[in-house]
Amino acid sequence: MPSIAKPLARHPALKQNELGLTIRDYEGSMSTLCAGCGHDSITAAIVRALWEISMQPHMLAKMSGIGCSSKTPAYFVNGAHGFNSAHGRMPAITTGAAAANRELTYIGVSGDGDSLSIGIGHMCHAIRRNVRMVYIIENNGVYGLTKGQFSASADVGSKSKRGEPNQFAPIDPVMLALSIGATFVARSFSGDKEQLVPILKAAFRHRGMALIDVISPCVTFNDHTGSTKSYLYTRKHAVSATDADLVPPASEIVANISAQDVTAVTLHDGSILRFRSVPEGYDPTDRVKVTSYLQQRQQKGEIITGLLFVNEHVPDMHEMNNTSDTPLARMPYEKLCPGSAALEQLQEEFR
Amino acid sequence: MDATDINNPQYFHKVVDCQWACPAHTNVPEYIRLIAQGRYTDAYMVNRESNVFPAILGRTCDRPCEPACRRGRVDTHPVAICRLKRVAADLKGEIKHLLPKIPAQKNGKRIACIGAGPASLTVANDLMPIGYEVTIFEKLDKPGGLMRSNIPAFRLPEQVLTEEVNLILDMGVEIRYNSPVKSMRELLASGYDAVFVGSGAPRGKDLELPGRHETDRIHIGIDWLESIAFGHIHSIGERVLIIGVGNTAMDCCRSSCRLGGKEIKVMARRPRPYFKASPWELEDAEEEGVEIVVNHAPKQFVIENGKLTGMIFERLEWDAQAKKSRTLDEVFYPADDVILAIGQENAFPWIERDLRIEFDKWGLPVVNETTFESTRAGVFFGGDSAFGPKNIIWAVEHGHQAAISIHNFCRSIPVTERPAAGMKLMSQKMGISEWSYHNDYNPVHRQKMKHVDLAERFRKLNIEVELGFDAEQTAREVERCLNCDIQTVFSAPRCIECDACIDVCPVQCLTITRNGEELDLRSRLSAPALNLDQALYVSPPLPHTQRIMVKDEDICVHCGLCAERCPTAAWDMQKFELAIAYADSTSCMNSYVPA
């Protein structure tokens with residue numbers, strides 16, 4: 001843990017966003033993770049993305065479960081709401097929170113243990129419901145908080161720090177999500193903010209759940225030779241398949257959006273997601289093609305990164321359930337709970 | 001860009017902005033840390049090694065370190081370095097045993113110094129410990145030069161001056177008072193092995209305007225101050241005009257306040273941003289009720305019946321850069337006395353012009369800027385007499401350099417062979433996230449110096465106005481220092497490019513990126529590096545991606561978080577100590593080593 005809190009001194013040339021806030025206004029407490037942890041870089045990317053999209057801190061809710069990853073919401077946006085839930089329950093709690101207050105923006109930060117082992121069921125159902133949230137899996141292939149056992153995302157043959165190879169087949173959150181109807185799927189690397197920040201910005205504007213699997217090396221237990229989730233291995237094997245950036249609605253008039261070699265996806269709020277340099281024949285809106293492309297490349301040992309799939313046509317949880325536009329949280333009590341007479345009447349209908 | 005050569009001591013030296021800006025390269029962060037630890041004697045000795053007169057300079061220095069101070073770039077006000085120096089001097093204990101030992105056995109070389117000001121005294125300070133016999137010729141009956149004659153006692157108490165000057169004289173210097181050198185030829189013939197001229201710039205500039213010589217109420221500033229210092233002048237008229245707006249003018253107007261002046265005006269030709277006086281001296285003068293009148297050019301002294309009644313000025317209007325002016329009209333200001341403080345000149349009527357000591361067209365001696373040797377071998381100049389009026393700290397540095405030259409000259413080593421500066425770098429790591437310096441950033445504001453109240457300070461001429469920092473102020477002010485000498489040292493082969501340092505840096509000074517030309521690189525950093533005076537610290541290619549680590553030195557607060565968050569110790573915080581060469585480098589460097 002650092003000896004001091006981050007000094008208040010700021011760079012005098014620090015820019016302000018539309019809200020008049022500097023990037024440092026989006027910071028949280030000092031990280032207590034190991035020095036060099038990939039999670040801290042993801043935190044920094046989240047801070048940057050939220051600052052760039054001028055998120056109002058009090059309109060953000062930070063959700064998490066248990067694990068190193070789940071500590072990180074404390075390290076960004078001090079002024080936001082937050083809920084640190086039981087192990088693996090982050091997606092369920094977020095679903096409930098989103099149901100009660102649809103006005104907030106939700107970011108759930110989870111890990112490969114939290115989401116792919118104990119919480120995998122919750123995650124799958126939140127994906128199916130298309131809960132409007134940004135869902136980040138900080139994926140390092142080990143249980144760091146319990147001293148480095150393999151997690152469910154460890155590759156077959158990847159070695160532990162003691163040298164033992166993993167024998168169980170990994171769960172790939174990207175393939176899993178694609179197979180159960182996820183509407184926004186991306187993979188990135190904590191060491192590549194140039195890719196991760198635009199993906200995060202797009203994710204915050206997506207209509208439903210945006211799932212981002214981020215390879216985030218565990219510098220203490222899984223950054224050695226023999227690991228397939230180390231900094232060096234990821235750098236050597238990561239292939240950026242797509243290069244996407246977000247054009248907010250206000251900048252649509254910018255002339256240099258050329259149609260050539262660009263696949264454009266219009267998001268729910270009118271902003272445009274531009275895919276530059278996608279592989280030939282790749283269509284980020286075609287689930288079958290994306291799935292097969294990923295399977296082929298995975299066979300070759302490549303870690304495909306980028307914003308891989310997006311579908312803006314699927315309604316989110318509120319739309320599917322035709323819920324009230326007014327968040328439940330702001331409804332008067334009498335309307336939320338109309339009393340036993342109303343309940344009696346309702347039950348009568350089913351008799 | 002090429003990778004930065006951190007083995008060159010000048011690279012990290014430049015990062016220590018205050019030390020770099022100080023002509024004598026005083027190790028400021030080190031002595032501030034010692035003050036923070038209550039080690040005032042040690043702090044004083046660190047000062048004394050380079051600037052020789054800490055107590056004097058702690059009150060009177062021109063402070064080139066403060067505008068350079070990094071803290072000024074981070075939160076607008078620099079550390080009060082000068083005031084802290086005075087704290088060390090005020091609170092120090094016994095230091096006699098820490099001074100260099102003077103050998104009983106002399107080396108047989110005799111050096112003559114002309115003038116007992118800071119330059120000559122520094123030469124003596126550096127040469128006495130090596131065994132030289134130094135004789136100082138002083139025209140007045142007390143030592144100190146300009147420090148005594150031109151700096152009023154309310155800024156520099158006499159006992160402070162005397163104490164520090166005596167530390168040097170007590171080394172066994174032979175000083176001859178009331179002995180102005182009348183002929184350089186005679187001095188050269190009297191068998192000294194080398195001669196050092198440290199006679200200052202003793203002639204105040206005159207202002208030849210109508211009426212100048214029809215009254216005795218027009219004074220030359222520096223002469224007038226000297227007369228006060230030596231007790232020859234005790235009063236002045238009620239209405240005083242000071243012509244000129246440099247630091248001498250400030251001393252003149254404030255002295256007038258104490259001698260009976262009631263309505264004192266400093267008359268400046270140009271607008272305020274172009275004043276020569278230090279901002280704090282202007283503030284102090286205005287606090288004492290002195291009025292500073294801008295855009296007035298003196299035209300004429302008005303004499304009625306042989307008595308000075310005032311002066312006529314042209315009122316000027318300046319263009320934007322205050323280069324060209326236009327006269328608006330003329331105004332009369334009444335005055336009983338006028339003091340001229342418009343500059344000083346060198347004057348060497350006592351140096352015969354056929355001694356192969358050349359002078360330029362302005363009457364300044366031709367002096368080598370590195371060796372301080374004149375065109376005649378064995379004759380050296382320093383202080384104001386070398387390049388015209390500067391200040392005490394420059395005179396001290398000239399003295400150090402001239403002493404090196406004299407020591408070379410006396411050993412028949414070319415004076416151009418200068419001993420090289422060295423450096424020490426030492427890791428400050430004590431454990432995980434534990435450093436041997438206080439790395440936290442303290443947002444406290446610059447402490448304000450307390451002054452004796454106005455009525456009390458005007459009661460006597462020699463009541464020191466500044467009270468010095470009290471214990472609480474000192475404790476706060478030392479924490480403002482950013483420890484710029486604790487360097488961020490980077491080892492590229494260890495870096496795994498995890499970005500932890502970049503993410504944690506509070507002032508966005510780190511970047512990993514592809515290499516490029518300097519200006520291109522400066523534009524691509526986490527925060528653009530627009531201050532071209534500050535270096536970029538560029539690493540060799542990093543092992544994983546061949547990109548480079550770049551640090552913009554400009555705003556770094558030396559908090560050490562980059563090193564704390566580095567998993568491979570590629571960053572380390574290391575204390576940089578510049579090993580400054582003096583006349584006898586070995587004895588000077590080892591004369592005092594803080595434990």
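Modeller: B:Thr511 stands opposite B:Val550, a residue of β22(B). Keep in mind that this is a predicted model.

Colleague: How do you know that β20(B) and β22 of chain B are paired?

Modeller: Two strands pair if there are at least two bridges between them. Here 4 bridges join β20(B) to β22 (residues 548-552) of chain B, and the two run antiparallel. The requirement is at least two bridges, so they count as a pair.

Colleague: Which sheet do they belong to, and in what order do its strands lie?

Modeller: An open sheet of 3 strands in chain B, ordered β20-β22-β21, with antiparallel pairing.

Colleague: What makes β20 and β21 of chain B edge strands?

Modeller: Each pairs on one side only; β20 covers 510-513 and β21 covers 536-538. From one strand to the next, the twist averages 25°.

Colleague: What is the order of the open sheet of 8 strands in chain A?

Modeller: The order is β2-β1-β3-β4-β8-β7-β13-β9, and the pairing is mixed. Its edge strands are β2 (81-84) and β9 (238-240) of chain A, each with pairing on one side only. The twist in this sheet averages 20° from one strand to the next.

Colleague: How do you know that β9(A) pairs with β13 of chain A?

Modeller: 3 bridges join β9(A) to β13 (residues 303-310) of chain A. At least two are required, so the strands pair. They run parallel, and A:Val239 stands opposite A:Ile304 in β13(A).

Colleague: Which helix packs on that sheet?

Modeller: Helix α3 (residues 90-100) of chain A does, touching β1 (60-64), β2, β3 (105-111) and β4 (133-139) of chain A. The direction of α3 makes about 175° with that of β3(A).

Colleague: Why is A:Arg128 called partly exposed?

Modeller: A:Arg128 has 13 other C-beta atoms within 10 Å. Exposed requires 12 or fewer and buried requires 20 or more. The count of 13 falls in between, so A:Arg128 is partly exposed.

Colleague: Where does A:Arg128 lie, and what does it touch?

Modeller: A:Arg128 is in helix α5 (residues 120-129) of chain A. Not counting residues up to four places away in sequence, A:Arg128 touches A:Ile180 and A:Gly181. A:Phe184 is 56 residues from A:Arg128 in sequence and 12 Å from it in space, C-alpha to C-alpha.

Colleague: Is A:Asn322 buried or exposed, and how do you know?

Modeller: A:Asn322 has 7 other C-beta atoms within 10 Å. The limit for exposed is 12 or fewer, so A:Asn322 is exposed. A:Asn322 sits in the loop between α10 (317-321) and α11 (333-336) of chain A.

Colleague: And is B:Arg63 buried or exposed?

Modeller: B:Arg63 has 23 C-beta neighbours inside 10 Å. Buried needs 20 or more, so B:Arg63 counts as buried. B:Arg63 also lies in a loop, between α5 (54-60) and α6 (65-68) of chain B.

Colleague: What is there to note about phi in these two residues?

Modeller: Phi of A:Asn322 is near 55°, a positive value in a residue other than glycine. Phi of B:Arg63 is near 55° as well, again positive in a residue other than glycine. Most residues other than glycine have a negative phi.

Colleague: What makes a group of residues a nonpolar core?

Modeller: Its members are buried nonpolar residues joined through C-beta atoms within 7 Å. The largest such core has 143 residues, and B:Ala124, B:Leu127, B:Phe196 and B:Ile406 have the most contacts inside it. Helix α17 (residues 392-410) of chain B gives the largest share, 10 residues.

Colleague: What is B:Ala124 in contact with?

Modeller: Leaving aside neighbours within four places in sequence, the contacts of B:Ala124 include B:Cys113, B:Val134 and B:Ile168. A second, separate core has 71 residues, including A:Tyr135 and A:Phe275.

Colleague: How many residues bring the two chains into contact?

Modeller: 24 residues of chain A are in contact with 32 residues of chain B. On the side of chain A that touches chain B, α1(A) gives the most, with 4 residues. By class, that side has 14 nonpolar, 6 polar and 4 charged residues.

Technical notes:
Residues are numbered from 1 along each chain as its sequence is written. Chains are lettered from A and ligands numbered from 1 in the order in which they are written. This is a predicted model: local features need pLDDT of at least 70, side-chain atom pairs count only at pLDDT 80 or more; totals for chains, interfaces and linings use all residues. Two residues are in contact if their C-beta atoms, placed from the backbone, lie within 7 Å. Axes are lines fitted to C-alpha atoms, for helices over the stretch in contact, and angles run from 0 to 180 degrees between N-to-C directions. Ala, Val, Leu, Ile, Met, Phe, Trp, Tyr, Cys and Pro count as nonpolar, Asp, Glu, Lys and Arg as charged, and the others, Gly among them, as polar.
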